[in-house]
Amino acid sequence: MKRVIPVLVLSVAGLIPVWRYEPSTGTTSTTEAASTPSVSSSTSSSGSSGSTTFTGTTVATEKGDVQVQVTFEGDKITAVKMLKQPNHPQTTAAVPKLIAETLTAQSADIDTVSGATLTSDGYKESLQAAIDAEAAAASASPSASAAASASRTVAGPTVATEKGDVQVQVTFEGDKITAVKMLKQPNHPQTTAAVPKLIAETLTAQSADIDTVSGATLTSDGYKESLQAAIDAKGA
């Protein structure tokens with residue numbers, strides 16, 4: 001029995017290198033590689049901002065396919081995930097280094113990992129495609145919250161005149177008046193003719209400092225009073 005124990009110990013010790021250097025299972029896919037990067041969006045767990053996820057192109061290398069998925073919080077890269085990578089020990093060792101460098105550099109301008117040149121080159125190519133896709137999406141599609149905050153519609157008060165009530169609604173894009181709508185106006189031919197002129201002058205002057213339309217003095221005065229109140233309310 002005493003002779004058996006060393007044999008077993010040696011046998012187990014002999015297996016340890018095999019376990020240590022057994023290649024990790026690489027990610028494989030039978031799906032045809034996408035030719036262009038894709039994008040999906042999700043809400044950040046903090047709830048204060050949104051995150052976007054972009055998938056880079058699949059890059060074929062001699063060792064196997066490489067594909068990177070990048071998550072952004074605004075313009076910042078917050079996570080990188082390998083969707084496809086060669087089933088090779090050197091790739092397995094290189095990937096954490098490539099991801100760490102990406103998070104530090106915040107770009108694809110990172111060093112090639114020694115011993116994993118092909119994987120590094122494929123990684124950087126797929127990474128750059130994902131970064132380019134994020135930049136294109138950011139410039140082409142402003143966020144819904146930004147668009148909503150840039151546009152504002154304000155209704156002025158109702159102004160009573162001898163001809164009838166006048167009330168103006170104004171739409172702003174930032175500080176610019178982009179539209180004016182009459183919510184209330186006298187039912188009178190002269191008012192009907194005057195309103196388009198008043199609106200046109202408002203859009204040109206970008207203020208309530210406009211001329212009174214001849215033949216529609218009461219409507220013009222009521223219009224300017226309601227308009228000025230809407231402009232003042234927007235700035236409040």
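**View 1. Strands E8 and E9 pair in the antiparallel sense.** In this predicted model, strand E8 covers residues 165-173 and strand E9 covers residues 176-184, and the two are joined over 7 bridges. Within this pairing, Gln169 stands opposite Lys181 of E9. The hairpin formed by E8 and E9 has 2 residues between the strands, and Gly174 there adopts a positive phi near 70 degrees.

**View 2. Lys234 lies over the face of Phe172.** The separation from the ring centre is 5.7 Å.

**View 3. The largest nonpolar core holds 21 residues.** Val68, Val70, Tyr123 and Leu127 touch the most other members of this core. Two or more residues come from each of strand E4 (65-73), strand E5 (76-84), helix H2 (89-105) and helix H3 (117-140). Helix H3 gives the most, with 5 residues. Not counting residues up to four places away in sequence, Tyr123 touches Val66, Val68, Val80, Met82, Leu98, Ile99, Thr102 and Ile110. Another core, of 19 residues, lies apart from this one and includes Val168, Ala208, Tyr223 and Ala230.

**View 4. Helix H3 has a span that agrees with its number of residues.** At 1.5 Å a residue, the 24 residues of H3 should span 34 Å, and the end C-alpha atoms are 35 Å apart. Among the buried residues of H3 are Thr119, Ser120, Gly122, Tyr123, Lys124, Ser126 and Leu127. Ala129, Ala130, Ile131, Ala133 and Glu134 of H3 are also buried.

View 5. Leaving aside neighbours within four places in sequence, Ala208 is in contact with Lys224, Leu227, Gln228 and Ile231. The C-alpha atoms of Ala208 and Gln228 are separated by 5.5 Å, although the two residues are 20 residues apart along the chain.

**View 6. Phe54 and Phe72 form an aromatic pair.** The structure holds 1 such pair. The ring centres of Phe54 and Phe72 are 5.7 Å apart and the planes stand at 85 degrees, so the arrangement is edge-to-face. Because Phe54 belongs to strand E2 (residues 50-55) and Phe72 to strand E4, the pair ties together parts that are 18 residues apart in sequence. Both Phe54 and Phe72 are buried.

Conventions. Residues are numbered from 1 along each chain as its sequence is written. This is a predicted model: local features need pLDDT of at least 70, side-chain atom pairs count only at pLDDT 80 or more; totals for chains, interfaces and linings use all residues. Side-chain values use heavy atoms; hydrogens and water are left out. A nonpolar core is a set of buried Ala, Val, Leu, Ile, Met, Phe, Trp, Tyr and Cys residues joined through side-chain atoms within 4.5 Å. Buried means under 20% relative accessible area, exposed over 50%, partly exposed in between (1.4 Å probe, protein chains only). Helices (H or I, at least four residues) and strands (E, at least two) are DSSP runs, numbered from the N terminus. Contact means heavy atoms within 4.5 Å. The expected span of a helix is 1.5 Å times one less than its number of residues. Two strands pair if DSSP finds at least two bridges between them. Rings of Phe, Tyr and Trp (its six-membered ring) pair if their centres lie within 6.5 Å; planes under 30 degrees apart count as stacked, over 60 as edge-to-face and the rest as tilted. A charge sits over a ring if NZ of Lys or CZ of Arg is within 6 Å of the ring centre and within 35 degrees of the ring normal.
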